[in-house]
Amino acid sequence: MRDDVTARSGLRKVPLSRPERRAELFDAVLALLSEVGYERLTMDLVARRARVGKATLYQRWPTKAHLVMAAMERYRPVVSGRDAGSFTEDIRQLLMAYVASWSSLDRGLVIALLEGSRRDAELARMRRERLADPVRRAIEAALDRARERGEIPGRVDAGLLADLPFAVILGHVLMQDEPPGHDLVDRFVDGILSPLLDVPNQPEPRI
């Protein structure tokens with residue numbers, strides 16, 4: 001009887017405990033977020049697009065912010081914080097890992113997240129904790145090592161220096177409407193960061 005009701009309602013019978021079904025749901029969430037923005041995104045819209053019961057969504061994700069951040073988990077950066085020997089190479093390594101998780105990120109999604117974070121404090125907190133803070137902490141650790149090595153001139157504002165990579169990457173996504181790639185990281189490190197810190201530009205040959 002339950003299967004008959006599910007079939008008539010148009011809901012998918014595959015449970016959300018299955019990874020492929022969750023991936024379908026999260027694809028629907030991100031597509032809708034990019035299309036309509038965070039403010040107009042509702043559990044009803046998600047339920048219809050993903051063909052899942054709204055009650056099922058609320059059982060797993062108590063708020064819209066929780067559902068959106070669960071869908072955004074694929075963009076959570078994986079950073080090692082390994083010492084690459086110099087500040088510029090530390091930043092290159094960190095940003096390469098950062099942009100690798102952003103390979104399919106589009107401008108609509110970024111705008112929706114930023115606008116949603118302005119209006120929803122819960123979303124802002126989770127976005128900062130899950131997406132920004134891991135890289136920010138790794139950059140600050142790299143800055144500490146760089147100070148110990150004497151790589152950071154005293155006149156350089158270290159706080160703004162830590163923000164600069166985020167500004168360049170977000171600016172690229174918003175202005176160029178394309179995901180950041182390894183080429184952007186190399187351009188930033190070799191064309192902006194190294195000259196700023198007066199580091200000779202001697203990139204290693206890439207194989």
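**View 1. Helices α7 and α9 cross in this predicted model.** The axes of helix α7 (residues 107–119) and helix α9 (residues 158–176) come within 8 Å and cross at roughly 120°. Axes are lines fitted to C-alpha atoms, for helices over the stretch in contact, and angles run from 0 to 180 degrees between N-to-C directions. Helices (H or I, at least four residues) and strands (E, at least two) are DSSP runs, numbered from the N terminus. The two helices α7 and α9 are therefore oblique to each other; angles under 35 degrees count as roughly parallel, over 145 as roughly antiparallel, 65 to 115 as roughly perpendicular and the rest as oblique. Residues are numbered from 1 along each chain as its sequence is written. Because the model is predicted, local features need pLDDT of at least 70 and side-chain atom pairs count only at pLDDT 80 or more, while totals for chains, interfaces and linings use all residues; side-chain values use heavy atoms, with hydrogens and water left out.

**View 2. Residues of α7 meet residues of α9.** On the α7 side stand R107, V110, I111 and L114, and their partners in α9 are L170, V173, L174 and M175; contact means heavy atoms within 4.5 Å. By class, this contact has 7 nonpolar, no polar and 1 charged residues. Ala, Val, Leu, Ile, Met, Phe, Trp, Tyr, Cys and Pro count as nonpolar, Asp, Glu, Lys and Arg as charged, and the others, Gly among them, as polar.

**View 3. A31 lies in helix α2.** This helix spans residues 19–40. A31 counts as partly exposed because its relative accessibility is 28%; buried means under 20% relative accessible area, exposed over 50%, and partly exposed in between (1.4 Å probe, protein chains only). The C-alpha atoms of A31 and V46 are separated by 9.7 Å, and these residues are 15 residues apart along the chain.

**View 4. R51 occupies the loop between α3 and α4.** R51 is not a glycine, yet has a positive phi of about 55°. With a relative accessible area of 41%, R51 is partly exposed.

**View 5. D177 is found in the loop between α9 and α10.** Helix α10 covers 182–196. D177 has a positive phi of about 55° although it is not a glycine. Its relative accessible area is 40%, so D177 is partly exposed.
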